[in-house]
Structures are given as C-alpha cells and as structure tokens.
Amino acid sequence: MSIESPCIDICKFDGKTGFCVGCLRTRDECKSWKKMKDKHRREIIGDRSRREHKLNR
C-alpha cells in the first residue's frame, strides 16, 4: 500500500527552513511525492517532528 501525501492544502513555505507550514515537506519533496518510493516517503514522514521543531524556532 502506498504512503499517502501529508498535504493539508495550506501550501505556504517558510522562508528560513523551506518547509511547508502545513505538511512540513520542502517544495522539491512536494513536487516529486508521486514519483517517490515509499521508503523515502516514510523517511520524510518520520522526520516531521524534527522539522516541526526547526520551523517553530
């Protein structure tokens, strides 16, 4: 089963971190999500807490 996109239709990118404030992915990750292997998708999803912490600094 494929890993679904974490997109919540906010799509606003932070200027310092480059992360989307809604799904915490970078622009490149958002663009290439459909072509990504599930392993890479899991790594991105697993990194959300670190990214959120970095975004909230």
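Author: Contact here means heavy atoms within 4.5 Å. The model is predicted.

Reader: Which residues does Thr-17 touch, not counting residues up to four places away in sequence?

Author: Thr-17 sits in the segment before helix 1, which spans 27–32. With residues up to four places away in sequence set aside, the residues that Thr-17 touches are Lys-54 and Leu-55.

Reader: How far is the backbone nitrogen of Phe-19 from a polar atom of the side chain of Thr-17?

Author: A polar contact requires a pair of N or O atoms within 3.5 Å. For the backbone nitrogen of Phe-19 and a polar atom of the Thr-17 side chain, the distance is 3.2 Å.

Reader: Is Thr-26 buried, partly exposed or exposed?

Author: Buried means under 20% relative accessible area and exposed means over 50%, with partly exposed in between. Thr-26 has 22% relative accessibility, so Thr-26 counts as partly exposed.

Reader: Which residues is Thr-26 in contact with, leaving aside its neighbours within four places in sequence?

Author: Thr-26 belongs to the segment before helix 1. Leaving aside neighbours within four places in sequence, Thr-26 has contacts with Phe-13, Gly-18, Phe-19 and Arg-51.

Reader: How far apart in space are Thr-26 and Ile-3?

Author: Along the sequence, Thr-26 and Ile-3 are 23 residues apart. In space, taken C-alpha to C-alpha, their separation is 17 Å.

Reader: Is Leu-24 buried or exposed?

Author: Leu-24 also lies in the segment before helix 1. Its phi is positive, about 65°, although Leu-24 is not a glycine. The relative accessible area of Leu-24 is 5%, and the cut-off for buried is under 20%. Leu-24 is therefore buried.

Reader: What is the phi of Cys-11?

Author: Cys-11 is in the segment before helix 1. Cys-11 is not a glycine, yet its phi is positive, at about 50°.

Reader: How many helices and strands does the chain have?

Author: From the N terminus on, the elements run α-α-α. The count is 3 helices and 0 strands.

Reader: What radius of gyration does the chain have?

Author: The C-alpha atoms fill a box of roughly 35 × 20 × 15 Å along the principal axes. A compact globule of 57 residues would have a radius of gyration near 10 Å. The value for the chain agrees with this, at 11 Å.

Reader: What share of the 57 residues in the chain is buried?

Author: The accessible surface comes to about 4400 Å², and 50% of this belongs to carbon and sulfur atoms. Of the 57 residues, the buried share is 28%.

Notes:
Residues numbered from 1 in each chain as written. Predicted model: local features only at pLDDT ≥ 70, side-chain atom pairs only at ≥ 80, totals over all residues. Heavy atoms only, no water. Helix = DSSP H or I, 4+ residues; strand = E, 2+ residues; numbered from the N terminus. Rg over C-alpha atoms; globule rule 2.2 N^0.38 Å. Buried < 20%, exposed > 50% of the residue type's maximum accessible area, 1.4 Å probe, protein only. Areas by Shrake-Rupley, 256 points an atom, 1.4 Å probe, with all protein chains shown as cover. Polar contact = N/O pair within 3.5 Å; in protein donor to acceptor, adjacent residues only side chain to side chain.
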